[in-house]
Amino acid sequence: MNTPRTTTVHRATSETDITVTINLDGTGQTRIDTGIGFLDHMLTALGRHSMCDLDITAKGDLHIDYHHTVEDTGIALGKAFARAIGDKRGIRRYGSATVPLDEALCEAVVDISGRPFLAWSVTFGRDKIGDMDTELFEEFFRAFAMSALVTLHVIQRAGHNCHHIAEAAFKALARALRTASEADPRAGGIIPSTKGSL
């Protein structure tokens, strides 16, 4: 895994214009500007705790609502992750993390499998955090998982404060991705599958 695992993805539609640069082997440095304050906060946490460097700029039709920008940011980030991870040779493939934030506790389990799937077991007690609809978190995680070609389970174990629940979910994803995408020192350069490809 000596090849730099970094890439840039640009996604432009009639609704959004998004550029994502990711370095899977970074130090958690981030520059995030989506126009949605709480999403910026979550993506900053995602970069910091995954140790991926993230540079994300998004311009979207926020005058309509936040849905297109949130979903398309998840798509672009997922595509960037999939491109940067390459053929998955030598990685651990699986990762899981359970992260607390005060009374909240969320678990994320990821398989960099090439088979996209999201199982989402998270509930929010109110409709918004700041200006962001809480239903959009599931949309982001689904868009990311489908475009990153990963199987992802996100499970809320405890919590009632919506800010804490969302942040714990993003940090759990970050830690799970970090483990799954890291080099497995025992694997050498093999692809972690009996099929020979992922």
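A polar contact is a pair of N or O atoms within 3.5 Å; within protein, one of the two must be able to donate a hydrogen and the other to accept it, and residues adjacent in sequence count only if both atoms are side-chain atoms. In this predicted model, local features need pLDDT of at least 70 and side-chain atom pairs count only at pLDDT 80 or more, while totals for chains, interfaces and linings use all residues. Residues are numbered from 1 along each chain as its sequence is written, and side-chain values use heavy atoms, with hydrogens and water left out.

The chain contains four helices and 10 strands, where helices (H or I, at least four residues) and strands (E, at least two) are DSSP runs numbered from the N terminus. Their order along the sequence is β-β-β-α-β-α-β-β-β-β-β-α-β-α. The C-alpha trace spans about 45 × 40 × 30 Å along its principal axes. The radius of gyration of the chain is 16 Å, which agrees with the value near 16 Å for a compact globule of 198 residues; this radius is taken over C-alpha atoms, and the globule rule is 2.2 Å times the number of residues to the power 0.38.

Of the 198 residues, 50% are buried; buried means under 20% relative accessible area, exposed over 50%, and partly exposed in between (1.4 Å probe, protein chains only). Among contacts (heavy atoms within 4.5 Å) between residues at least 6 apart in sequence, 76% join residues at least 24 apart. The chain exposes about 9100 Å², and carbon and sulfur atoms supply 48% of that area. Accessible areas come from the Shrake-Rupley method with a 1.4 Å probe; for residues, only the protein chains shown count as cover.

Glutamate 107 belongs to strand 6, residues 104-111, and is buried, with a relative accessible area of 16%. Its side chain makes a polar contact of 2.5 Å with the side chain of arginine 157. Beyond its neighbours within four places in sequence, glutamate 107 is in contact with Ala97, Thr98, His153, Val154, Ile155, Arg157 and Ala172.

Aspartate 127, in the loop between strand 7 (117-121) and strand 8 (128-129), is exposed, with a relative accessible area of 65%. Apart from neighbours within four places in sequence, aspartate 127 is in contact with Met132, Asp133 and Thr134. From C-alpha to C-alpha, aspartate 127 lies 35 Å from alanine 84, and the two are 43 residues apart in sequence.
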